[in-house]
Every structure is written in C-alpha cells, then in structure tokens.
Amino acid sequence: MNEFDGYAAQRRGGWWAMLRFARDGECKPLLGSGGEPILYTDELTATKAALRHVLAYFNGHLVSSIEIAGADVQALKFENANRLLFRKGKVIPVQRMKGGTIRE
C-alpha cells in the first residue's frame with residue numbers, strides 16, 4: 001500500500017518499462033500511443049523511461065483529496081474571519097465573533 005515502483009521487465013524479445021503508483025494495486029507497463037506496451041531494445045533504456053515517468057508524476061500536478069471529493073476550492077478561500085468546517089461530508093459555515101467566540 002502507498003508504494004511506488006519503476007523497473008524494467010523482460011517480455012516478448014525486449015524490455016517493458018513497468019510502473020506502479022500508490023493508487024494502483026499492481027505494476028502496469030508504460031503504454032504507447034496505440035495503447036500497446038512500448039517495447040525497448042535493452043534494459044537500461046526501459047529503466048530510464050520508467051524513472052523519467054515516475055519523476056514526472058512526482059513533479060507534476062498532484063491531486064489532493066479535497067479535489068478528488070469535488071469540493072469547491074473557491075469556497076475554501078474565505079474572507080476575513082469566515083471559515084468552513086467539513087463534518088460527515090457536509091459543509092458548515094462558521095463565523096468568528098468579536099471576543100473570540102465561534103458561532104455556527
């Protein structure tokens with residue numbers, strides 16, 4: 001669980017670049033434009049391709065859990081002292097009053 005992996009695997013007269021991300025349960029081959037796994041001529045080239053794609057994943061746009069849940073990110077940008085609480089999947093607006101008390 002929560003494991004990342006990238007390696008070369010020998011298949012069908014060549015090498016496949018295999019990738020595993022935390023969201024997947026198993027390693028999958030790097031696919032070309034036609035949906036077929038890319039066949040590399042040697043192990044080093046396949047390993048470099050796997051490494052390049054794993055690093056691109058980490059350096060790219062990582063999706064946070066709030067974006068996956070579909071919450072409105074703009075609503076989280078509160079003004080002054082207005083805040084939003086999330087309880088059991090529901091949004092509860094909260095305002096701070098003078099004196100530090102919280103009113104729901």
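Reader: Let's start with strand 1 and strand 2: how many bridges join them, and do they run parallel or antiparallel?

Author: The general idea is that strands of a sheet pair through backbone hydrogen bonds, either parallel or antiparallel. Here seven bridges join strand 1 to strand 2, and the two run antiparallel. Two strands are called paired if DSSP finds at least two bridges between them. Helices (H or I, at least four residues) and strands (E, at least two) are DSSP runs, numbered from the N terminus. Before we go on, this is a predicted model, where local features need pLDDT of at least 70, side-chain atom pairs count only at pLDDT 80 or more, and totals for chains, interfaces and linings use all residues. Residues are numbered from 1 along each chain as its sequence is written, and side-chain values use heavy atoms, with hydrogens and water left out.

Reader: Which residues of strand 2 stand opposite Asp-5 and Gly-6?

Author: Asp-5 faces Arg-20, while Gly-6 has Leu-19 opposite.

Reader: And what sits between strand 1 and strand 2 in the hairpin?

Author: Two residues separate the strands of that hairpin, and Arg-12 is in the turn. Arg-12 is worth a click in your viewer: its phi is positive, about 40 degrees, although Arg-12 is not a glycine. Arg-12 is also exposed, at 64% relative accessible area. For the cut-offs, buried means under 20% relative accessible area, exposed over 50%, and partly exposed in between (1.4 Å probe, protein chains only).

Reader: How do I read the rest of the sheet: what is the strand order?

Author: Three strands make an open sheet in the order 1-2-3, with antiparallel pairing. Strand 1 and strand 3 (28-29) are at the edges with a single partner strand each, so one side of each is left without a neighbour in the sheet. Strand 2 and strand 3 pair over two bridges, in the antiparallel sense. Strand 2 is mostly covered, with seven of its seven residues buried.

Reader: Where does Lys-28 lie, and which residues does it contact beyond its sequence neighbours?

Author: Lys-28 lies in strand 3, and Leu-19 stands opposite Lys-28. Leaving aside neighbours within four places in sequence, Lys-28 is in contact (heavy atoms within 4.5 Å) with Ala-17, Met-18 and Leu-19. Lys-28 and Met-18 are ten residues apart in sequence and 5.4 Å apart in space, C-alpha to C-alpha. With a relative accessible area of 41%, Lys-28 is partly exposed.

Reader: On to helix 1: how many residues does it have, and how far does it reach?

Author: Helix 1 (residues 43-59) has 17 residues and reaches 24 Å from its first C-alpha to its last, close to the 24 Å expected at 1.5 Å a residue. That expected span is 1.5 Å times one less than the number of residues.

Reader: Which residues of helix 1 are buried, and why do they line one face?

Author: An α-helix has 3.6 residues a turn, so residues three or four places apart point the same way. In helix 1 the buried ones are Ala-46, Ala-49, Ala-50 and Val-54. Looking down the axis of helix 1, its buried residues fall within an arc of 130 degrees (taken from the directions from the helix axis to the C-beta atoms), so they line one face of the helix. The face turned away from the buried side carries the exposed residues Leu-44, Leu-51, Arg-52 and Asn-59.

Reader: What covers that buried side?

Author: The cover includes strand 1 (5-11) and strand 2 (14-20). As an example of the contacts, Ala-46 touches Ala-8, Trp-15, Trp-16, Ala-17 and Tyr-40, leaving aside its neighbours within four places in sequence. Thr-47 is in helix 1 too, and at 33% relative accessibility Thr-47 counts as partly exposed. Thr-47 and Tyr-7 are 40 residues apart in sequence but 5.4 Å apart in space, C-alpha to C-alpha.

Reader: Which residues form the largest nonpolar core?

Author: A nonpolar core is a set of buried Ala, Val, Leu, Ile, Met, Phe, Trp, Tyr and Cys residues joined through side-chain atoms within 4.5 Å. The largest one has eleven residues: Ala-8, Trp-15, Ala-17, Leu-19, Phe-21, Leu-30, Tyr-40, Ala-46, Ala-49, Ala-50 and Val-54. Strand 2 and helix 1 each supply at least two residues of this core, and helix 1 gives the largest share, four residues.

Reader: Zooming out, what pattern does the protein follow along the sequence?

Author: Read along the sequence, the pattern is β-β-β-α-α-α-β-β-β, from three helices and six strands. Buried residues make up 18% of the 104 residues in the protein.
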